[in-house]
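Biologist: I am new to this structure. Could you show it to me before we talk?

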Amino acid sequence: MKKDTICRLCSACCPVEAEVENGRLIAVKRKSLAPPDQQLSCPKLLAAVEITYAPERLTVPLIRNRKGQQCEADWDQALGAVTSQMEKIRQRHGPQSVAWLRGMAADWGAPWDYASRLMQAFGSPNIIGNGSVCHVAREMAHHFTYGAMTIPQTKDARCVLIWGKNDRNTCPPAFEAIQQARRQGARLIVVDPLRTPLAEMADIWLQIKPGHDGLLAMSMISTIIEEGLYDRAFVTQWCTGFEELRRAARPFTAETVAADTWLEPAAIRAAARLYATTAPACIVDGNGLDMQLQVFDATRAVCMLRALTGNLDRPGGDLLPQPVPARNLQLQDQLPAQLPAITCGYPLFSSFHPNWGLHAQSALIDAILEERPYPIRMLIVQSGNPAVTMTDTRRVRQALQKLDCLVVIDLFPTQTTRLADVVLPACGCFEKTQLNRAALRHNLICLQDQVIDPVGDSWPDWKIVFELGRRLNLDRLFPWHSVDQAIDCQLEPAGITTAQLRRHPQGIRTEPVAFEKYRRNGFATPTGKVEFHSPRLARHGQPATPFENGFGPALAFADQHREYPFIAISGERSSRYTHSQFHHIPSLRRQENEGVVDLHPDDACRLGIGNGDPLRVTTPRGSLYMKARLCDRVHVGSICIGWGWGEVDPRHGINNLTDDSCRNPVTATPSNRGFLCRVEKTQG
Ligand SMILES: Nc1nc2c(c(=O)[nH]1)N[C@H]1C(S)=C(S)[C@@H](COP(=O)(O)OP(=O)(O)OC[C@H]3O[C@@H](n4cnc5c(=O)[nH]c(N)nc54)[C@H](O)[C@@H]3O)O[C@H]1N2
Ligand SMILES: Nc1nc2c(c(=O)[nH]1)N[C@H]1C(S)=C(S)[C@@H](COP(=O)(O)OP(=O)(O)OC[C@H]3O[C@@H](n4cnc5c(=O)[nH]c(N)nc54)[C@H](O)[C@@H]3O)O[C@H]1N2
Ligand code: SF4
Ligand SMILES: [Mo]
């Protein structure tokens with residue numbers, strides 16, 4: 001039997017066709033729109049069956065006993081242990097002392113609302129997402145510029161500007177669209193410190209110095225304005241703050257920023273001209289911008305390029321999304337107004353979206369360790385592995401160990417589940433039905449539909465949350481007995497049911513694709529226009545126009561560059577793994593057996609390091625051990641460190657090196673991606 005669903009082995013949300021025989025998953029294939037010889041295969045999806053039935057899967061709940069051992073339990077015992085701890089802590093310290101942490105996108109989206117609803121009904125405002133280190137800071141920058149995060153219309157573009165995104169490894173459908181645009185003659189500009197496959201395909205590759213994208217974006221703005229290459233009609237009618245932007249950008253000439261960006265002035269100007277004079281053009285922005293100290297202003301500047309060139313909401317440009325109307329299941333209004341969330345130090349970031357979790361992830365660790373603004377004593381982690389993936393592992397582990405109670409909901413044992421008092425086994429993506437955020441934020445809406453029974457005694461996340469609700473006597477707020485009922489309730493405003501979605505596996509549109517929608521109601525900003533200058537930000541003491549007060553520090557430990565002379569690039573995704581996941585899957589390990597440090601041959605020669613030599617990489621926060629791989633993918637003076645291997649061995653953990661003491665003031669983003677470090681050869 002074949003069945004359509006959405007893969008969530010990573011956050012690309014690819015539509016797939018699953019093959020099931022006698023209730024067992026046999027194979028899963030991506031439904032690609034590209035011609036057969038242009039389709040990109042996904043190694044994780046090819047390993048889907050192996051992942052689903054991996055012997056390591058958690059199949060029963062675990063509870064830590066008095067001797068400190070994790071022992072198997074049944075669901076009744078485990079859920080009872082969780083709710084009795086929650087009640088106990090609420091009585092002693094107040095409900096706000098219990099927090100919920102959401103990790104990677106595996107279970108993101110509409111189901112996010114279920115956990116938020118549970119915590120809000122329980123009385124805690126602390127539902128913390130990981131958006132400060134993922135794309136949510138970027139999303140906020142889009143919001144503050146023109147009201148929503150745009151979607152590049154790559155396949156119809158004549159020029160594609162890829163800024164810190166590697167769809168070759170992270171989103172096959174998007175990569176196929178880039179290839180299609182190329183076949184149709186589109187020009188390609190890539191801004192990436194690494195020679196990625198996309199950089200190799202590009203007409204112009206800007207090998208930017210990590211973390212310095214804000215300088216480049218301002219410089220491109222400066223060139224476009226000074227050379228009169230902007231769309232005057234659009235700017236006059238639909239943008240505010242053009243003079244402020246011109247003034248802010250003026251000092252960032254190509255010649256001025258060249259040395260600090262490792263780029264040639266001529267290349268910067270050529271990229272600005274090509275992008276501004278080839279219409280339509282779209283910008284694909286990614287995680288390369290996301291974990292920078294300057295993320296908010298750098299991304300705003302990139303967003304402003306879209307508006308300056310009149311590419312917003314035009315075919316082949318950057319589409320403003322058409323969200324599916326859905327019911328907000330959250331209960332924010334039931335929380336006492338005087339009870340701040342622990343993310344209150346980042347008020348703009350915590351409030352820019354009505355129904356997401358609060359995303360300043362680092363605030364959670366502050367609250368546990370430093371008890372500010374008040375202590376968190378119990379934490380429930382859902383679909384995340386913070387002991388590996390959160391900034392500054394030593395500090396994170398210290399925090400997780402300080403808790404009175406740690407509960408982890410996951411599919412596999414991880415560095416984080418090992419620290420837990422209670423572990424609840426969750427189902428994988430082919431074992432449950434859910435609505436994904438991607439499906440709601442923009443038409444088409446597709447269903448991720450269950451294709452096989454849960455493996456072992458694992459439960460879907462929705463069921464775990466609903467059952468916790470019932471045990472906390474919140475049955476009234478969790479009246480649904482199936483996920484279909486809950487989705488139907490959420491989608492009622494859209495007039496769509498789960499049953500209809502199931503009948504239309506190719507998806508349902510609630511409205512036809514429309515361009516230039518701002519002509520009807522303006523942009524969703526306070527002024528109704530694209531805001532090059534934001535009075536809202538000025539009121540909060542932030543630069544109203546990007547970098548109007550200059551460009552601040554870009555990399556962690558920049559003040560100690562003599563001791564730490566290399567720039568590390570972290571987190572570049574492999575197509576075979578999702579963050580810390582799947583490293584135990586034999587077929588994937590056969591393709592990529594270990595994490596490595598990419599080092600330029602010139603640097604290696606200078607340091608007497610050979611290919612495959614064991615290295616120690618050090619920052620003021622700690623060390624990491626990995627083998628060297630000599631290659632010119634990296635710029636001299638920088639290294640690229642393999643991501644996610646801290647799950648296999650904590651000595652390979654990138655976040656041993658990262659710094660959480662310096663953050664973007666708006667979005668709480670630390671510089672996980674670019675930081676200074678020292679590299680040396682070690683013994684075996
Ligand atoms: N230094 C540095 N730090 C980074 C990054 C970086 O590039 N560099 N990247 C950042 C980014 S963008 C992100 S998104 C985060 C990712 O950080 P995490 O969210 O911690 O990522 P994963 O390692 O993928 O952990 C996800 C966990 O969820 C489990 N899981 C998978 N599916 C489900 C499900 O359906 N339900 C449940 N309950 N569990 C599930 C998996 O087994 C896994 O243990 O890391 C961030 N941290
Ligand atoms: N296979 C796989 N797919 C995934 C994931 C995964 O772990 N594995 N994770 C998912 C998640 S949660 C996310 S957030 C996305 C991320 O998706 P992407 O944004 O596509 O992925 P990355 O590889 O993290 O980073 C993109 C590029 O940014 C570049 N980069 C690094 N530093 C800088 C910089 O300072 N400036 C610029 N301009 N570029 C820089 C890197 O070299 C890399 O080529 O992928 C999702 N998809
Ligand atoms: S890229 Fe691969 S793993 Fe990620 S959603 Fe698509 S098919 Fe699944
Ligand atoms: Mo992410």
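Biologist: How much area do domain 1 and domain 2 bury between them?

Modeller: The two domains bury about 510 Å², 60% of it on carbon and sulfur atoms; buried area is the accessible area (1.4 Å probe) that two parts lose on being put together, summed over both. In domain 1, V133, L348 and R441 lose the most area to domain 2, together 65% of what that side buries. This is a predicted model, in which local features need pLDDT of at least 70, side-chain atom pairs count only at pLDDT 80 or more, and totals for chains, interfaces and linings use all residues. Residues are numbered from 1 along each chain as written, chains are lettered from A and ligands numbered from 1 in the order written, and side-chain values use heavy atoms, without hydrogens and water.

Biologist: How many salt bridges are there between domain 1 and domain 2?

Modeller: The count is zero, a salt bridge being a side-chain nitrogen of Lys or Arg within 4 Å of a carboxyl oxygen of Asp or Glu.

Biologist: And how far apart are the C-alpha centres of these domains?

Modeller: The centres of domain 1 and domain 2 lie 35 Å apart. The domain bounds come from an automatic or database domain assignment.

Biologist: Changing topic, which residues come nearest to ligand 2?

Modeller: D192, D213, N287, Y577 and R673 come nearest, of the 33 residues around ligand 2 (a heavy atom within 4 Å).

Biologist: What does R673 do there, in terms of distance?

Modeller: An N or O atom in the R673 side chain is 2.6 Å from an oxygen atom of ligand 2.

Key. A polar contact is a pair of N or O atoms within 3.5 Å; within protein, one must be able to donate a hydrogen and the other to accept it, and residues adjacent in sequence count only if both atoms are side-chain atoms.
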